[in-house]
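Subject: Structure handover

Hello,

Here is the structure we talked about, with its sequence. Please open it first, then read my notes below.

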Amino acid sequence: MTTTLVFPLLAVTEFDAGARAMGFLAAATWLPWLLISLPAGVWIDRGDARRIMIGADLWSAAVTASVPVAWAFGHLTLAHVFAAALGVGFGSVFFRTAYASLVPQVVAKDDLEQANSRLVGTESAMQIAGPGVGGALVALVGAAYTVVLDSISFLVSALCLARIRPGDMSRPTPPAREPMLTSIRAGLRVLARDPYVRYFAVQGGVSNFALTGYGALLVLFLVKDLHLPAGAIGVVIAVGSVGGLIGASIARRTSTRLGQGPAMVALQIIGGPAALLIPAAQPGLLVLLVPLGEVLVGIGVVGANVLRGAFRMRYVPGELMARVVSASALVNLGTMPLGGLAAAWLGEQFGVRSAIALLAALHALASLSVLIGPYRPGRPLPDAPMPVR
């Protein structure tokens, strides 16, 4: 909620941020993936994923708590908001990378799709409730104090992780100690040579570049072009997030019925062109095109991510998992700060609506690339783990 709604609302309503500032804010959130994802993967493969996730939660709780504290004392600035977004981004790198290593340790191989579906579904449910509650709280107490909820949520996450006992986990054998650069190269080698890992990273990188770009401008678009108040913006974003919950809930059944590869093709065809509905929205009833487009994008993106995540957890050996995830993230998520910067430039040069349209079209093209990818219709994904070279 902090990075998707409250920080952008805080920037727009309290600091009168324009397209450039909103793009920079999105870039700050995702910049850590470019800066530290590769060494983070090595540290996680060598360490305890659960403890690293707990530490990331505690760090993020402290960073987000600094915003309402600074506001209460009259010292909050837009630069502080940018720094907080950057800090949360650093925590996210460690949490999300370690997550990919932890889940296969506590979940049986045959249950990975169901586990991913439930975890992503829960996250999507929170994305539905969060913006609606957040928008209402912003209207009541202001955006800065609403950040307190996110700080509390990080503490709750840390507590839940602390209740997982080491005896419940089957940890992979840590890799032998070797120079950091040698360990990093092992993950990059997989990314460069394996067609499935490479395609997922590149396709996801282009899509995430576009999604982050138009997402950075979405709150500004809703406020300035569609003239919605904070509470209504929260509702629109919450309704749009329903797509993620639907995508997570249907992913396994779609995979069972169609096969994993064809299911991912179908989901991304649903979630690609639908993004073009968003810049077509107008004040009045046509504002509903925003949540409709977001619902369809969420179904496709989240559903495909559930299946992609389960495939990767089966396909990549456990001792390489974090390094492969972090190498992939350098491409897959490392494009996101660039998307924010592109949105800043496009928004200033062509206007917010046109910038969103261009970026939505790019996401559509990236999604439709599944028709020529390594798991295009009629070509199944491999069932066995990848060969370790």
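Which residues form a nonpolar patch on the surface? They are F24, L31, L34, L35, L338 and L341, and together they have about 490 Å² of accessible area. Two elements give two or more residues each to this patch: α2 (19–46) and α13. The most comes from α2, with four residues. L341 is found in helix α13. Its relative accessibility is 39%, so L341 counts as partly exposed.

One caution before the rest. This is a predicted model.

**The chain as a whole**

The protein chain has 14 helices and zero strands. Read along the sequence, the pattern is α-α-α-α-α-α-α-α-α-α-α-α-α-α. The chain has 389 residues, and 54% of them count as buried. Take the contacts in the chain with a separation of 6 or more: residues 24 or more positions apart account for 87% of them. The chain exposes about 16200 Å². Carbon and sulfur atoms supply 67% of that area.

**Salt bridges**

The structure holds three salt bridges.

Start with K224 and D16. Their side chains meet in a salt bridge, at 3.8 Å from N to O. K224 lies in helix α8, and D16 lies in the loop between α1 (2–15) and α2, so the pair ties together parts that are 208 residues apart in sequence. K224 counts as partly exposed because its relative accessibility is 42%. D16 is at 58%, so D16 counts as exposed.

Next come R20 and E348. Their side chains meet in a salt bridge at 3.1 Å, N to O. This pair also links distant parts of the chain: R20 is in helix α2, E348 is in helix α13, and 328 residues separate them. Both ends count as partly exposed, R20 at 45% relative accessibility and E348 at 44%. Note that α2 and α13 also turn up in the nonpolar patch.

The remaining pair is D48 and R51. Their closest N and O atoms are 3.8 Å apart. R51 counts as exposed, at 58% relative accessibility.

**Helix α3 and its ends**

Helix α3 covers residues 49–72. How far apart should the ends of α3 be? At 1.5 Å a residue, its 24 residues should span 34 Å. The end C-alpha atoms are 36 Å apart, which agrees. After α3 comes G74, whose phi is positive, near 75 degrees.

Helix α14 covers residues 352–368. The same check works here: its 17 residues should span 24 Å, and the end C-alpha atoms are 24 Å apart, which agrees.

Which residues of α14 are buried? They are V352, A355, I356, L359, A360, H363, A364, A366 and S367. In general, an α-helix has 3.6 residues a turn, so residues three or four places apart point the same way. The buried residues of α14 pack against α8 (195–225), α10 (260–271), α11 (289–315) and α13 (335–350).

Q260 has its place in helix α10. Q260 counts as buried because its relative accessibility is 13%. A polar atom of its side chain lies 3.4 Å from the backbone oxygen of L307.

R253 is found in helix α9, which covers residues 230–258. R253 counts as exposed, at 59% relative accessibility. A263 is ten residues from R253 along the chain, and their C-alpha atoms are separated by 9.2 Å.

**Where to look**

Finish at α14, whose buried residues pack against helices including α8 and α11.

Best wishes

Notes: Residues numbered from 1 in each chain as written. Predicted model: local features only at pLDDT ≥ 70, side-chain atom pairs only at ≥ 80, totals over all residues. Heavy atoms only, no water. Buried < 20%, exposed > 50% of the residue type's maximum accessible area, 1.4 Å probe, protein only. Expected span 1.5 Å × (residues − 1). Contact = heavy atoms within 4.5 Å. Areas by Shrake-Rupley, 256 points an atom, 1.4 Å probe, with all protein chains shown as cover. Polar contact = N/O pair within 3.5 Å; in protein donor to acceptor, adjacent residues only side chain to side chain. Patch = residues over 30% accessible without salt bridge, like charges linked within 9 Å, V, L, I, M, F, W, Y side chains within 5 Å. Salt bridge = Lys/Arg side-chain N within 4 Å of Asp/Glu carboxyl O.
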